[in-house]
Amino acid sequence: MSCATCVGNVEDALGSLAGISDASANFATDEGTVTYDPEQVSLAEIYETIEAAGYQPERKRQTIEVGGMSCASCSEAVASAVSSVPGVIDATVNFAADEATIEYNPADIDFEAVYAAIESAGYEPVRPDSDESSEGDRESVAQREMTKQWRLVVGGGALTVPFLFVMADMFGLLALPEAIAGVNIGWIEFALATALMATLGREFIVGAYHAAVNNGQANMDTLVAMGTSVGYVYSVAVLLDAIAGSGLYFEAVAFILWFITLGNYLEARSKAQASDALRSLLELEAEEATIVHEDGSESVVPLEDVQVGDRLKVRPGERIPTDGVVREGDSAVDESMLTGESVPVEKEPGDEVVGSTINENGVLVVEATKVGSETAIQQIVKRVKEAQARQPDIQRLVDRISAYFVPAVIVNAIAWAILWSLFPAQLSAVAELVPVFAMVGGGPVAGGVPLIEFSMVVLASAILIACPCALGLATPAATMVGSTIAATNGVLFKGSDVLEKAREIDTIVFDKTGTLTHGELELTDVVALDGDVRADGAGAALTADDDRTDRPLDDESFVLAAAASAEQSSEHPLAKSIVAGARERDLELDDAESFENVPGHGIRATTGFGETLVGNRKLMRDNGIDPTPAVDALERLESEGKTAMLVAVDDTLVGVVASADSVRESAKQTVAALRDRGQSVYMLTGDNERTARAVAKSVGIDPANVRAEVLPEDKADVIDEIQSGGGRVMMVGDGVNDAPALTTAQVGVAIGSGTDVAIESADVTLMRDDPADVLKVIRISEATIAKVRQNLFWALAYNATLIPVASLGLLNPALAGLAMAASSVSVMSNSLAFRRWDPHTDYHPIVLRPFRK
């Protein structure tokens with residue numbers, strides 16, 4: 001807010017919302033107070049209204065690890081519980097990562113209330129522990145869950161092993177006695193099955209209870225608890241002679257519980273593996289640093305004691321403790337853990353270095369510029385976690401399906417159990433038509449099993465075969481692995497939804513300076529209108545004694561000194577190249593008495609040389625100066641790919657200065673690779689048409705796709721124009737003056753952000769100054785969404801195929817439990833299968849690789 005009018009705008013916008021009883025804003029304190037009815041309007045809607053009015057209400061984000069989630073329904077329950085806490089704007093929960101990410105109002109949040117809400121929903125939030133030294137040292141929820149499930153697998157396995165003899169007896173492989181030590185075999189089975197229900201089964205029963213009572217939902221725990229309870233209760237009833245039956249199903253209960261527990265262990269193990277690469281980044285941080293004091297002495301301190309400004313000595317083979325700038329020494333630094341590139345990067349005084357990278361040879365003295373949570377590695381981990389919290393659109397469809405999936409499965413199972421009890425002969429005839437499968441126990445016909453027993457088998461199998469876990473894990477498991485692969489290869493996605501968008505891109509728009517070129521301009525030519533004199537000093541040098549300086553200047557030096565004196569106050573790369581060129585030639589420069597930047601055209605300044613203009617043709621014409629005498633020189637320089645600017649002093653055109661920026665070596669290969677993939681490539685620049693076309697030609701961009709002389713504020717309009725024609729655009733720029741274009745494009749990519757990974761205007765940040773990494777963005781997005789679709793295909797195919805099979809009485813409950821466990825494990829395994837894939841090449845599914853050249 002900038003004035004009292006802003007206060008009125010905010011209050012009026014909020015007052016238009018239903019449920020707002022009072023809204024006031026204070027311009028002096030930059031604060032507002034809103035009284036509202038949460039039944040009519042949410043905090044998220046209030047924030048959206050303020051933002052739509054053009055203001056920025058403060059919001060923060062926090063990630064909380066959550067244990068005890070077993071399927072997508074659990075993540076929905078956690079999100080719902082957290083969203084109900086006052087001060088929470090939005091909550092997203094990632095079942096695969098065991099994390100909840102909340103956006104909240106920092107002025108009105110009670111994290112204890114958030115933790116309590118998660119606990120009341122039946123799950124286990126992980127509270128921050130001040131005794132833990134770092135996030136990298138903490139054991140993740142998946143690792144703790146893996147340890148817990150392993151204990152259950154081992155303990156449950158010991159109780160399940162005796163049932164192998166029961167199964168062997170059922171298949172005629174051995175004969176069990178009717179009693180052991182005078183105790184009937186049935187009662188021994190009952191004791192073992194009861195112990196299993198009290199241990200392994202308790203996990204599912206408690207989970208189902210919490211889902212039903214606290215959240216009014218049914219989840220995977222509900223399916224397991226119902227399926228095993230049906231078999232257990234039925235078997236107890238037969239054992240007590242309460243009903244007639246052909247046998248007991250204690251062994252099915254035992255194997256169901258053990259198989260699914262084993263599946264939970266393997267799933268937790270897969271989750272831990274999926275997050276290992278990300279967590280290992282934090283573990284790569286140095287534990288200590290060697291500080292060089294002003295008197296030259298050195299001391300070794302813990303990493304957390306390093307402060308900004310400290311000078312740190314890094315010896316060969318050591319990890320650089322924190323982000324900084326090299327002050328002394330030359331060396332090569334291995335940055336592969338950040339960029340995925342194995343070739344070490346040469347560093348010299350003035351170069352930036354990133355914490356946790358490895359110094360290869362020489363000794364470096366590094367001045368710390370960022371420490372603690374501000375370092376690149378910490379920001380990368382934070383960025384990836386935020387990305388994993390934002391799921392692609394396809395996940396929303398899956399969530400809608402999952403919300404109805406478990407209730408539908410239960411209704412289906414009960415319906416088929418009833419149908420079997422009413423129409424056994426007719427359904428048996430239908431089941432016999434299915435090849436490969438045979439009805440359990442011969443079916444509810446003569447020589448088979450009693451009807452009530454068969455109906456129980458159908459009920460249990462149809463419940464147990466369904467696997468909401470597979471559906472719930474399909475998207476987050478793949479996106480978690482994909483975003484981690486991206487991070488370890490120097491590509492940071494703002495959200496997993498960006499992964500989905502990047503796959504659909506058909507047009508790539510590159511900014512020229514700093515993207516296709518290095519952005520490090522050097523002065524190449526100085527042209528005086530009375531003669532052409534190169535910057536290297538060759539050519540004519542007409543000596544002139546100028547009364548505005550203390551030394552005689554030739555024509556060329558006069559032009560350069562006048563331009564550089566005027567440009568000293570500018571931060572533009574072109575200005576810096578002119579000033580640097582003048583200083584290299586030891587020219588005396590004057591300070592500007594006045595300075596004005598004319599965006600997109602040049603500058604105007606008053607110096608000891610006079611009223612000086614440095615800029616393009618339009619700047620000259622707007623100030624009544626005819627650029628015609630310099631046209632030949634301008635066209636020649638621009639055709640060589642150089643950026644040329646006119647120089648005028650006291651309303652007289654005196655010459656031209658030109659700078660050039662070298663094209664990146666990988667730009668041509670990148671453009672060629674994109675065009676081979678069928679994507680259109682454009683170049684966008686504020687430079688003149690002739691220079692732009694020269695650069696475009698050198699990298700292989702069609703001249704028709706060049707947009708030159710575009711002002712920074714107009715770049716977004718060019719993106720809009722392309723997108724309005726049906727193009728799905730990815731804008732690649734430096735993330736500063738390209739911010740409007742980056743936000744307008746379907747996907748904005750900020751290139752080269754080595755130690756600053758939080759360019760808010762971009763959807764993707766590249767850690768390297770290399771356009772080739774744009775190909776990584778596209779490949780990673782294609783590979784990740786391919787994995788999502790593979791997972792969803794198998795999860796849906798599994799359920800669509802085996803639920804009908806179980807409903808027709810063709811599947812033993814124990815095998816149904818095994819299939820349920822195998823389904824979720826297969827989804828995680830499929831996601832993990834491409835962890836070692838290298839995004840320098842296109843991803844191809846294993847089944848298709850033999851058919852490729």
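Predicted model: local features only at pLDDT ≥ 70, side-chain atom pairs only at ≥ 80, totals over all residues.
Student: OK, which strands does helix 4 lie across?
Tutor: Helix 4, residues 111-120, lies across strand 3 (60-67), strand 4, strand 5 and strand 6. Its angle to strand 3 is about 35°.

Student: In what order do the strands sit in that sheet?
Tutor: The order is 4-5-3-6. The sheet is open, has 4 strands and pairs in the antiparallel sense.

Student: Which strands stand at the edges?
Tutor: Strand 4 (88-94) and strand 6 (124-125). Each has a single partner strand, so one side of each has no neighbour in the sheet.

Student: How many bridges join strand 4 and strand 5?
Tutor: Strand 4 pairs with strand 5 (residues 99-104) over 6 bridges. Alanine 91 faces isoleucine 102 of strand 5.

Student: New topic. At what angle do helix 7 and helix 8 cross?
Tutor: Roughly 155°, with the axes coming within 9 Å. That makes helix 7 roughly antiparallel to helix 8.

Student: Who makes the contact?
Tutor: From helix 7, residues including Trp187, Phe190 and Met197. From helix 8, Val224, Tyr232 and Leu239 are among them. By class, this contact has 13 nonpolar, 6 polar and 2 charged residues.

Student: Where does pLDDT stay under 50?
Tutor: Over residues 531-551, which have 44 contacts beyond four places in sequence in the model. Residues 754-758 are also below 50.

Terms used: Residues numbered from 1 in each chain as written. Heavy atoms only, no water. Axes fitted to C-alpha atoms, helices over the stretch in contact; angles between N-to-C directions. Helix = DSSP H or I, 4+ residues; strand = E, 2+ residues; numbered from the N terminus. Parallel < 35°, antiparallel > 145°, perpendicular 65-115°, else oblique. Contact = heavy atoms within 4.5 Å. Nonpolar A, V, L, I, M, F, W, Y, C, P; charged D, E, K, R; others polar. pLDDT = per-residue confidence, 0-100. Pairing = 2+ DSSP bridges.
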